[in-house]
Amino acid sequence: MEARPHISVQNLSVYFDEQLVLKDVSVDIPDHKITVIIGPSGCGKTTLLKSLNRLLDPLDGVRIGGRVLVDGIDIYDPRTEVTEVRKKMGLLSQRPQALPMSIYDNVAYGPRIHNHIDKKRLDETVEHYLRVAGLWEEVKDRLDDPAARLSVGQQQRLCLARGLAVGPEIILGDEPTSALDPQSSQNVERRLIELKAEYTVIVVTHILRQAKRIADYIAFLYLGELVEHGPAAEVFANPRDPRTRAYLTGEIS
Amino acid sequence: MTPSFENRRLRRRKMEERIFRALMAASMLVVIGCLILIVGTIIWKGLPAMKLSMITQTPKGGYYLGKEGGILNAIIGSLYLASGATVLAILFSLPVVLYINVYAKKRSRLASLTRFSLDVLWGVPSIVYGAFGFIIMIFFGLRASLLAGILAVALLEFPIMSRAADEVIRMVPRELLEASYSLGATRLETALKVVVRQCLPGLLTAVLIAFGRGIGDAASVLFTAGFTDRIPTSLFQPAATLPLAIFFQLGTPFPEVQQRAYASAAILTVLILIISLVARGLGKRYTRHIIK
């Protein structure tokens, strides 16, 4: 990989109670590229993604071994501030989770928590990120409406704007289009491709065609094991591992 | 299987359906009937004594035997007492439910111990809270007073409010919490800005249920708040309450005064009804931001 790794996962193992969900995963995730994690359901894709911003912490019976370095800092080091880790990453979940407040307050949530900025700067920030997420034109006249009133597709873009407003370096997407209609999905995919100029993007998906459309790098997980990873073109054209080949041809799913 | 056998089977199932439908309808009739009977009785029996002076004056001739004046002392006393107790209960209840739902993990022992304790406390009869409040009162050298009553009623309300609020907060999806965490929010920020807002209508209901129990309870205030014809002007004066007003009035040998007890009961019921409606209206206003 020619790009410098932004995130470096080193020998990461995750147990839920006695069950080993991720087995000794090591992978470098390059800067300013879209890395797509693929694999059949239940293979640990989401667990891997959530381990990157420590969203596994509040779960019951989780044990985590190994290291995850972000910009060279181990995020599981007790001295690392968890809110700082999460601030560096915006998360898009499977179903968009708008917060129970207005459209404006959703986007302003992060900035209000992290830096005390005046109303005017906050207005600018909200507008800016709504534009980046491609939602501004649709909501500019009803910023005080409840976010719950937006369509699911709009909510997902709102979540994107909300995540970006915190000023992250990394965008995590956990099957971010799985609840969306085809057109909204396309819209979100297009945003992700635009955003890789400024952000490192990591997306989990079980849709192979989506992976082909957006991926620069591919990581293939199978039964908690990282089977293969590398540049997307290579992995798709010439999978080295028979399991990857079987997955790509639809023999295992 | 012959067609006639199938027919018989179908007939039997339809019959079952009809029987259970009838049973359910009968049960509902009992519920609605009870409500109508209770409210009807109170109004029917209390109507002769229902004068404007009931709610604008304090008793004349003593609360026990007085046939004139009103029960303003008890109305104001009950409102003071239940409001004070409810505020106090919120102050303890909210941190507890936020802790067991946001801070503690799902399988946390401490959280389940807390829930168990609340369930037990819920079941404790209110006379026991009264007795316990009485002991606290003696310990601090207080006399029967508004403050002592507030303490006892707050104890009574606390588990009811907490458990009702807990049921509401438990319904918050984990993903919503994760969304807040992933933006770098702390647990406290998530609890106050997301969980409380998402649950506001349910929390209002929890507060209201507790308030209703508090204002209607007689046993917990019997020893602690005392009773008086005057409207209290400080926390250290005794306070009259509606349930006890009803209790004393019903206990007299005079039918005129007994009628006044039913009028008092009607006033208490209407008071609770008004508070329910107000809270419901407030709750509706806050549902607009809720995430389904």
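1. What share of the 292 residues in chain B is buried? The figure is 41% of the 292 residues, where buried means 20 or more other C-beta atoms within 10 Å of a residue's own, exposed means 12 or fewer, and partly exposed lies in between, with C-beta atoms placed from the backbone. For chain A, 46% of its 253 residues count as buried.

2. A word on ground rules before the rest. This is a predicted model, in which local features need pLDDT of at least 70 and side-chain atom pairs count only at pLDDT 80 or more, while totals for chains, interfaces and linings use all residues. Residues are numbered from 1 along each chain as its sequence is written, and chains are lettered from A and ligands numbered from 1 in the order in which they are written.

3. Chain A, overall. You'll find ten helices and ten strands here, counting helices (H or I, at least four residues) and strands (E, at least two) as DSSP runs numbered from the N terminus. The radius of gyration of chain A is 18 Å, close to the 18 Å from the globule rule for 253 residues, so chain A is as compact as a globular protein of that length. That radius is taken over C-alpha atoms, and the rule is 2.2 Å times the number of residues to the power 0.38. The C-alpha trace of chain A spans about 55 × 40 × 35 Å along its principal axes.

4. Chain B, overall. Chain B has eleven helices and two strands, and its elements run α-α-β-β-α-α-α-α-α-α-α-α-α from the N terminus on. Its radius of gyration is 24 Å, whereas a compact globule of 292 residues would be near 19 Å. Along the principal axes, the C-alpha atoms of chain B fill a box of roughly 80 × 65 × 35 Å.

5. Contacts along the sequence. Two residues are in contact if their C-beta atoms, placed from the backbone, lie within 7 Å. In chain A, 67% of the contacts with a separation of 6 or more are between residues 24 or more positions apart. In chain B, 75% of contacts between residues at least 6 apart in sequence join residues at least 24 apart.

6. Helices 6 and 8 of chain B. Two packed helices are described by the angle between their axes and the distance between the axes. Helix 6 (residues 146-170) of chain B and helix 8 (residues 187-216) of chain B pack at about 150°, with axes 8 Å apart; axes are lines fitted to C-alpha atoms, for helices over the stretch in contact, and angles run from 0 to 180 degrees between N-to-C directions. The contact includes B:Leu156, B:Ile160 and B:Ala164 of helix 6 of chain B and B:Cys199, B:Leu203 and B:Ala206 of helix 8 of chain B. By class, this contact has 15 nonpolar, three polar and two charged residues; Ala, Val, Leu, Ile, Met, Phe, Trp, Tyr, Cys and Pro count as nonpolar, Asp, Glu, Lys and Arg as charged, and the others, Gly among them, as polar.

7. Helices 8 and 11 of chain B. The axes of helix 8 of chain B and helix 11 (residues 255-285) of chain B come within 9 Å and cross at roughly 170°. That makes helix 8 of chain B roughly antiparallel to helix 11 of chain B, given that angles under 35 degrees count as roughly parallel, over 145 as roughly antiparallel, 65 to 115 as roughly perpendicular and the rest as oblique. Among the residues making the contact are B:Leu204, B:Leu208 and B:Phe211 of helix 8 of chain B, with B:Ile272 and B:Ile275 of helix 11 of chain B. The contact has ten nonpolar, five polar and no charged residues.

8. Helices 4 and 6 of chain A. Helix 4 (residues 119-132) of chain A packs on helix 6 (residues 152-165) of chain A at about 130°, with their axes 8 Å apart. Helix 4 of chain A is thus oblique to helix 6 of chain A. A:Thr125, A:Tyr129, A:Leu130 and A:Val132 of helix 4 of chain A meet A:Ala161, A:Leu164 and A:Ala165 of helix 6 of chain A. By class, six residues are nonpolar, one is polar and none is charged.

9. Where the chains touch. The contact takes 26 residues from chain A and 23 residues from chain B. On the chain A side, helix 2 (82-87), strand 6 (89-92), helix 3 (103-114) and helix 6 each supply at least two residues. Helix 3 of chain A gives the largest share of that side, four residues. By class, the side of chain A that touches chain B has 13 nonpolar, eight polar and five charged residues.

10. One residue to look at. A:Tyr222 is found in strand 9 (residues 217-222) of chain A and is partly exposed, with 19 other C-beta atoms within 10 Å. Leaving aside neighbours within four places in sequence, A:Tyr222 is in contact with A:Gly39, A:Pro40, A:Cys43, A:Val227, A:Arg243 and A:Tyr247.
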